[in-house]
Amino acid sequence: MSTPDEANGEEAASSPSRGKRGSYAKGQVRRQQIVEEALVVFARSGFDAGSLRAIARGVGMTPAGLLHHFSSKEELFVEVLRQRDERIRAAVGDPAEHRLIEQSADVVAYNQSAPRGLSALYTTVAADAIDPAHPAHGEFVDRYRDSAASAERIIAAGQAAGEIRSDVDPARAGRIISAVMDGLQQQFLLDEEVDMRALFDEFVRGYLRPL
């Protein structure tokens, strides 16, 4: 059995640990608040015009305080994109053999029904990032390359299974699919009457499904 002094000593020894855990949890909550505000600011103003000052003001911080959580605007933007990817993945899953068409259609449907902020941010920054000097240029080059390479492998497997037209070039189709999805998203953001899901289904029927 512990003496009162020993018990107090154990409590004192455990308190810093509890304090660190509490501080970490508060820090994570604060980081997420910053990410959510960054989404709003970047979607409204784009990456270049969306300032850390505006983001910090939105969460009641100073820019210096914000930089305690994210070392740069680029790091913050990458985290916003990562969370966007996670939300889509959680909703529709990853591309997989025998499911590329269905998964792509699910992404289109998700983007049509989800809050516009994430889609607007992605579309705006993707356009800005065509400039090689843009901080997100390399990020988007890699995204499109990786997406096309993954789609190419899955399309080839789909052709072998008779699920995708045999006369489609897998490498070209991998690029075309993402181009169609992004193009439909841009039109939808400009005009909400555009039915992305129906148009993507038409593209799949005419280009990918066996005749």
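**View A. Helix 7 from end to end.** Helix 7 (residues 137–160) packs 24 residues into a run of 35 Å from first C-alpha to last, close to the 34 Å expected at 1.5 Å a residue (that is, 1.5 Å times one less than the number of residues). Helices here are DSSP runs (H or I, at least four residues), numbered from the N terminus. This is a predicted model, with local features needing pLDDT of at least 70 and side-chain atom pairs counting only at pLDDT 80 or more, while totals for chains, interfaces and linings use all residues. Residues are numbered from 1 along each chain, and side-chain values use heavy atoms, with hydrogens and water left out.

**View B. The buried residues of helix 7.** Phe-140, Arg-143, Ala-148, Ala-151, Ile-154, Ile-155, Ala-157, Gly-158 and Gln-159 are buried (under 20% relative accessible area, 1.4 Å probe, protein chains only). Their cover includes helix 4, helix 5 (100–113), helix 6 and helix 8 (170–190). After the helix comes Gly-162, with a positive phi near 75 degrees.

**View C. Helix 7 against helix 8.** The two axes come within 7 Å and cross at roughly 120 degrees (axes are lines fitted to C-alpha atoms over the stretch in contact, and angles run from 0 to 180 degrees between N-to-C directions).

**View D. Helix 4 against helix 6.** Here the axes of helix 4 (residues 73–92) and helix 6 (residues 116–128) come within 11 Å, crossing at roughly 125 degrees. Phe-77, Val-80, Leu-81, Arg-84 and Arg-87 of helix 4 touch Leu-118, Leu-121, Tyr-122 and Val-125 of helix 6.

Notes. Helices (H or I, at least four residues) and strands (E, at least two) are DSSP runs, numbered from the N terminus. Contact means heavy atoms within 4.5 Å. Buried means under 20% relative accessible area, exposed over 50%, partly exposed in between (1.4 Å probe, protein chains only).
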